[in-house]
Amino acid sequence: MSSTTTISPEKLARLVGTPACPVLVDVRIDADYILDPQLIPGARRRSHQDIESWMPALAGKRAIIICQQGKKLSEGTAALLRYNGVPAETLDGGFEAWAAASLPLVPVSRLPALDQKGRTVWVTRARPKIDRIACPWLIRRFVDPEAVFLFVTPGEVEAVADRFNGAAFDIENVFWSHRGELCTFDVMIEEFGLTSVPLSRLATIVRGADTARPDLAPEAPGLLAASLGLSRMYADDLEQLEAGMTLYDAFYRWCRDATEETHNWPNRKSGA
């Protein structure tokens, strides 16, 4: 009999990358984590022993607790959270079941250092258009939901990243940047181990819009137009990013769920 306090890897996989995804908390013990230092996309590492310190941040949110096999550690942590009013479930079979299903895993070695609040910090050029909105969307939805983005003067990106312990992206001569015909969004998908049919489809659209190759995908000119429109609507880069999150949420869901769907205006009957 299925439990109301567990979620299957397949069901969770449908939530990952969407605004409806719960908070994912990885409570594996250090020994298990060290043997396989990867995270389910969007998960954050927490110790069950420190639950009193991180539980308040879950107020009003739904949580999925992940341990190695989905047994005592996640069961106990989730039960404690529910006792304190936080809707919490466990991942059925835990991290091992997710990995056995060949679902995406993010290598921790690719993550920048965390700040004092446990967030990654990313720095790029001000006045974003396409890649510099697409990449933050990818990071927030699949890597670090609490990630911090700093938009600064182009010539200061690397210096700011160095001073504030962040990762520079989408500028020349840094790790997170264009490579050959690939844009930064492509690179992040590959490096974070997030390759999937929907994200690959979205990457083609982003690449076409970002590198002046609208022939790559019929949707690329539409993304370019919407992106340039947003950049004219918002003077504040962070406000533009928030609006862009919705835009990329919509494109992702189309890439995942609706590419075969068409919309045809119904033919009117003659004489109607």
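Strands (E, at least two residues) and helices (H or I, at least four) are DSSP runs, numbered from the N terminus. The model looked at here is predicted, so local features need pLDDT of at least 70 and side-chain atom pairs count only at pLDDT 80 or more, while totals for chains, interfaces and linings use all residues. Residues are numbered from 1 along each chain as its sequence is written, and side-chain values use heavy atoms, with hydrogens and water left out.

Pockets come first. A pocket is an open set of points on a 1 Å grid over the protein atoms alone, where a 1.4 Å probe fits, with protein on both sides within 12 Å along at least five of seven lines; lining residues have an atom within 4 Å of a point.

Around it sit 21 lining residues, and R44, R45, R46, L114 and G118 lie nearest its centre. Here β4 (44–45) and α3 (51–54) are the elements giving two or more residues.

As for disulfides (pairs of cysteine sulfur atoms within 2.5 Å), the structure holds 0. C21 is in none, and the nearest cysteine sulfur, that of C67, is 18 Å away. The sulfur of C255 is 13 Å from the closest one, in C183, too far for a bond.
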